[in-house]
Amino acid sequence: MTLSASPYILWSAGFIIIPLCLVIYYAFTDASGAFSFDNVADIISYVNIKALMLSIAFSFGATLICLIIAYPLALILSTVVSSNSSILSLLFILPMWMNSLLRTYAWQNILERKGVINGILSALSLPPLYIINKPPAILLGMVYDFLPFMILPVYNSVSRIDKDLINAAKDLGAGYRETFFRVIWPLSLPGVISGITMVFVPSLTTFVISDILGGGKILLIGNVIEQLFTQDSDWNAGAGLSVVLMVFIVISMIITSKYDREDIR
Amino acid sequence: MRKRLVLACLLLMVSGLSGCANNDAAQNKNDNVIYVYNWGEYIDPEILTMFTEETGIEVVYDEYETNEIMYPKIKAGAVKYDLVCPSDYMIKKMIDNDLLEEINFDNVPNYVNIGEDYWDQAVSYDPDNRYSVPYVWGTVGILYNKTMVKEKVDSWAILWDPKYKDEILMQDSVRDAFMVAEKYLGYSMNTTDEDELQEAKELLQQQKSLVQAYVIDQVRDKMIGNEAAIGVIYSGEAIFTQRENPDLDYAIPKEGTALWMDSWVIPKGARHKENAEKFINYLCRPDIACLNFEYITYSTPNMPARDLIEDEDIRNSPIAFPDLSKYNLEVQVSLGEEADRHLSDLWREVKSY
């Protein structure tokens, strides 16, 4: 261990390990500080299970949509001339320069009943679009907020594929489809995997998007935890559910990383 | 190598400590401050500037959105606030948990401007009027858009009318949401009877498919923007929304509603208690209270201030200053921790329905 690593050790101790220990401490104690398993076991209540399942469903949906949008885009970006591609990728990163909370509020204004989209639709005398405060709005918010986290890693791994490999595949008689499935896709998998993790995890834990775009009508597990902490000031119950959520995140990461390794082999 | 690491840690800690010491010194130099924690958009910011100019006391001002968000921060003492403005039932809870300091009324001579009725009302949560000074009060009612609602609005029933599907904005705070259902059913808003609570919960669950969104402060902006036809709102917001959108009107339902009051309190261990009392006294000055009313449009309990209101329609407005004897009004009281938690659980059952 070198001296140069010490700031990082201090950082991770102070801002990752200690807070994590605190979360675990609160999760397994009750208000009086005695050991208790109730907070974690609370997950099996109907409300919490439903919220968790909804969160998982939304995260799956958002991740899948992000992948479907990001992958072709990454392929296109990797084939254009390098100077243009940096401008193009900048365009997709640009929204991230703005606070995600503001962007989510912007979507609220865009989707509202008297919002921007419906203003345009009614001007064209088309029927209005009512998706605000409904599941599609939340899905849209997740995809919009987290899409850059999918594009970047996928683009990175796709653009790093040696063009000679693709040419060799073509020389050996592989068609477009075969080149893609046997050369490009396997080589891009590490990027896809990290993209999936980077979209799935924040989607699973979000409470802001469902609050702002869901009108408080759809309760995700993140909302339950947030309410336990802020409104009920029941830190023990909130920490208990957070620990359960962390377990789910770790499981999802184990599954994806295992899949990753198998394919490389 | 390890020794060096330890040394580095020590150095960091020492520099951190000296940093703290410096901060303390800096704070001592300018101890003429007051830390205020208030509801969002609940004071004319001009008044803060005027107060600082007049007294030299600097105001550090923070905001919260619900009583429930404010409470744990005061309880944990993470930030040492000198002045907070909770609602009735929350003040009771804070008194019960020994979180409040008695106010020295010798430093608040302007308290005489607060009407006798309001001190009486405050007795329900502050039995001897020792801990709190009334700031604003009001009712909870229905704000509706006259162009979208043609019928007479005088009952909570309209919030369950399928005609207004997706046109209803409901309050996203536990007590206020349950208050609506409980009053509609004819129960007390302070009930802890399990059958009555279950009935209220089921009623709220039935309502959910009609509700456009559960919101708090956003009711105001959404109603002004014609996003919805009906919203549950605090009376203080009604006058403001009418100024912005003349199509809106406010009704107090005949089944009854909450009569609420927000008062200034000083948390235990406040470091600038005298400054806090000066600030309360300043806010109780009729001209200041009137200026503040014009800005926040929440009903003031300050009698001379009310007489100073220039606009006659507002001075006699049935929204801001209703004839309280005409309505079935009730004050929310603290239900205790156990009941609070149960109510929160029921509310989550509504939200996840």
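This is a predicted model: local features need pLDDT of at least 70, side-chain atom pairs count only at pLDDT 80 or more; totals for chains, interfaces and linings use all residues.
**Entry 1: chain B overall**

I started with the contacts of chain B: among those with a separation of 6 or more, 77% join residues 24 or more positions apart. Two residues are in contact here if their C-beta atoms, placed from the backbone, lie within 7 Å. Residues are numbered from 1 along each chain as its sequence is written, while chains are lettered from A and ligands numbered from 1 in the order in which they are written.

Next I looked up the make-up of chain B and found 14 helices and 11 strands. These are DSSP runs, numbered from the N terminus (helices are H or I with at least four residues, strands are E with at least two).

Then came size. The C-alpha atoms of chain B fill a box of roughly 75 × 55 × 40 Å along the principal axes.

The cut-offs go by other C-beta atoms within 10 Å of a residue's own, placed from the backbone: 20 or more is buried, 12 or fewer is exposed, and in between is partly exposed.

B:Asp98 is not a glycine, yet its phi is positive, near 55°. I found B:Asp98 in the loop between helix 4 (88-96) and strand 4 (100-101) of chain B. Buried or exposed, I wondered about B:Asp98? B:Asp98 is exposed, because it has 7 other C-beta atoms within 10 Å.

A:Asn133 also isn't a glycine and has a positive phi of about 65°. A:Asn133 sits in the loop between helix 6 (116-123) and helix 7 (135-159) of chain A. With 24 other C-beta atoms within 10 Å, A:Asn133 is buried.

**Entry 2: a helix pair in chain A**

I checked helix 5 (residues 100-111) against helix 7 of chain A: their axes come within 11 Å and cross at roughly 140°. Axes are lines fitted to C-alpha atoms over the stretch in contact, with angles from 0 to 180 degrees between N-to-C directions. Helix 5 and helix 7 of chain A are therefore oblique to each other (under 35 degrees is roughly parallel, over 145 roughly antiparallel, 65 to 115 roughly perpendicular, the rest oblique). Among the residues making the contact are A:Trp107 of helix 5 and A:Tyr144 of helix 7 of chain A.
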